[in-house]
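Thanks, everyone. Please have the sequence and the model open while I talk.

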Amino acid sequence: MSNGKGVGAANEAGAGVAKRERFGSRLGFILISAGCAIGLGNVWRFPYITGEYGGAAFVLMYLVFLVILGLPVMVMEFAVGRASQKSSAVAFDTLQPSRKWHWFSWWGYIGCMVLMMFYTTVGGWMLSFVVKMGTGAFNGLDSAGVGAVFNDMLANPTELVGWMLVVIVLGFLVCSLGLQKGVERITKVMMICLLAIMAVLVVRAVTLPGGLEGLKFYLVPDFGKLFAGATTVEQWATFGDAVYVAMGQAFFTLSLGISAMEIFGSYIGKERSLTGEALRICGLDTAVALVAGLIIFPACFAFAVEPGSGPGLVFVTLPSVFNQMPLGQLWGALFFVFMSFAALSTIIAVFENLISWSMDKWNWTRKTAVARTAIIVTVLSLPCALGFNVLAGVQVPAIGDIQSIEDFIVSNNLLPLGSLFYVLFCVTKGGWGWDNFLAEADTGKGMRFPAWSRVWLKFGIPALIIIIFVMGYVPKFATWLGMA
């Protein structure tokens with residue numbers, strides 16, 4: 001099989017399995033992979049859109065798309081990594097020696113780099129709010145006052161760049177310690193603390209007087225919201241929008257398509273099949289997103305605060321809610337510690353991706369890769385941190401400021417198209433091929449990948465990905481055409 005031939009070629013080149021860094025435990029692999037998937041988007045965006053589109057009704061729709069779209073692509077990324085025992089820098093050449101897919105080796109590096117260009121700044125916001133909340137900076141402030149503190153932070157380039165640098169230093173410091181002693185050990189601790197903090201916050205939120213209404217809003221299915229509208233056309237348009245949002249959320253929450261998951265497949269052995277492992281990681285990612293809603297909605301309803309969306313929910317609404325709670329300063333600080341761990345777990349995982357890619361591509365030592373990658377990330381992260389103040393005038397119509405531009409490049413382009421290429425690589429003869437992919441995915445104990453799904457993977461998933469890609473541009477084109 002070409003699978004065995006490809007790995008053998010890697011061994012002959014002196015970069016065999018024995019020399020590859022490995023996770024120290026299966027738990028480490030699961031928690032770190034989940035930590036990469038669990039990001040800021042799904043712990044503040046998911047609860048909001050769930051409530052907006054009918055609570056449990058939307059969750060059910062989301063879970064369907066998670067299984068039929070997100071899960072298969074995750075298994076593919078893991079399979080490419082484990083079979084090649086390399087990062088995406090050379091994985092495709094290893095598995096497809098004709099080098100037809102050599103160009104795709106850069107996709108993951110560029111995607112992870114652009115992601116970090118704005119994620120480091122947002123991660124800095126979280127750390128900043130841990131300090132602000134813990135020191136009582138929001139005490140006695142209403143929503144307008146909290147919003148003013150947030151806006152003042154955005155307007156201060158020194159503060160934004162400073163917190164961005166703290167995030168970068170912390171992330172690369174962890175990665176410099178190595179895979180097991182640094183990335184695995186620290187991320188395991190953060191993820192366990194994250195889950196523990198969430199549990200404490202959930203208990204506090206659901207026991208608040210009036211919190212039950214928030215639970216009803218979040219968990220009781222309201223199918224009427226999926227078909228809201230005065231006319232039949234409007235109702236079906238609302239339903240179509242909900243389907244698109246559920247499909248997009250299931251797809252984007254796992255950070256698929258930029259090889260963010262592929263690297264972790266290269267760090268594990270063949271004792272367990274990949275479908276079961278991917279299912280556990282998807283489950284943990286979804287559980288964190290769901291539990292975040294159990295924190296946010298009961299708290300908002302308990303104090304009659306309208307839950308907002310996006311940055312407003314986390315950085316304006318929730319600090320105002322915590323201000324009204326007994327021991328609110330403590331609960332608020334814990335919440336932003338939880339959010340900081342969610343951000344840092346993703347940042348560390350993606351930094352490790354960039355470092356491993358550089359080590360495989362240019363034969364750098366870890367020390368060299370850490371130092372050089374840290375410099376590149378720092379320089380490329382500056383435009384986003386300055387985009388809210390010094391470079392605030394840099395805007396693209398229908399997209400927004402520098403952070404929005406970078407987010408659009410990743411979320412609406414690199415993620416969906418990268419996932420499409422992964423699918424084509426794994427199911428077509430011009431790539432790695434279906435038989436090789438299936439054999440790798442099913443190696444080890446555990447759940448087998450459904451062989452009957454080949455037609456769905458070859459035609460259905462690409463069709464959904466193309467829909468996601470096109471729909472992401474529809475409102476942009478409408479605005480651009482309207483300006484012409």
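Predicted model: local features only at pLDDT ≥ 70, side-chain atom pairs only at ≥ 80, totals over all residues.

Start with helix α4, residues 56–84, and helix α18, residues 434–441. Their axes come within 9 Å and cross at roughly 85°. An angle from 65 to 115 degrees counts as roughly perpendicular, so α4 is roughly perpendicular to α18. Which residues make the contact? From α4, we have Val 75, Met 76, Ala 79, Arg 82 and Ala 83. From α18, Phe 437, Glu 440 and Ala 441. By type, six of these residues are nonpolar, two are charged and none is polar.

Next, helix α11, residues 232–252. There are 21 residues here, and at 1.5 Å a residue they should span 30 Å. The end C-alpha atoms are 30 Å apart, so the model agrees with that expectation. Several residues of α11 are buried, including Thr 238, Ala 242 and Val 245. The run from Ala 246 through Met 247, Gly 248, Gln 249 and Ala 250 to Phe 251 is buried too. What covers them? The cover includes α3, α4, α17 and α19.

Last, the cysteines. How many disulfides are there? The count is zero. Take Cys 175: the nearest cysteine sulfur belongs to Cys 36, and that is 11 Å away. Cys 175 counts as buried, because its relative accessibility is 0%. Now Cys 193. Its closest cysteine sulfur is in Cys 175, 18 Å away, which is too far for a bond. Cys 193 is partly exposed, at 31% relative accessible area.

Methods
Residues numbered from 1 in each chain as written. Heavy atoms only, no water. Axes fitted to C-alpha atoms, helices over the stretch in contact; angles between N-to-C directions. Helix = DSSP H or I, 4+ residues; strand = E, 2+ residues; numbered from the N terminus. Parallel < 35°, antiparallel > 145°, perpendicular 65-115°, else oblique. Contact = heavy atoms within 4.5 Å. Nonpolar A, V, L, I, M, F, W, Y, C, P; charged D, E, K, R; others polar. Expected span 1.5 Å × (residues − 1). Buried < 20%, exposed > 50% of the residue type's maximum accessible area, 1.4 Å probe, protein only. Disulfide = S-S within 2.5 Å.
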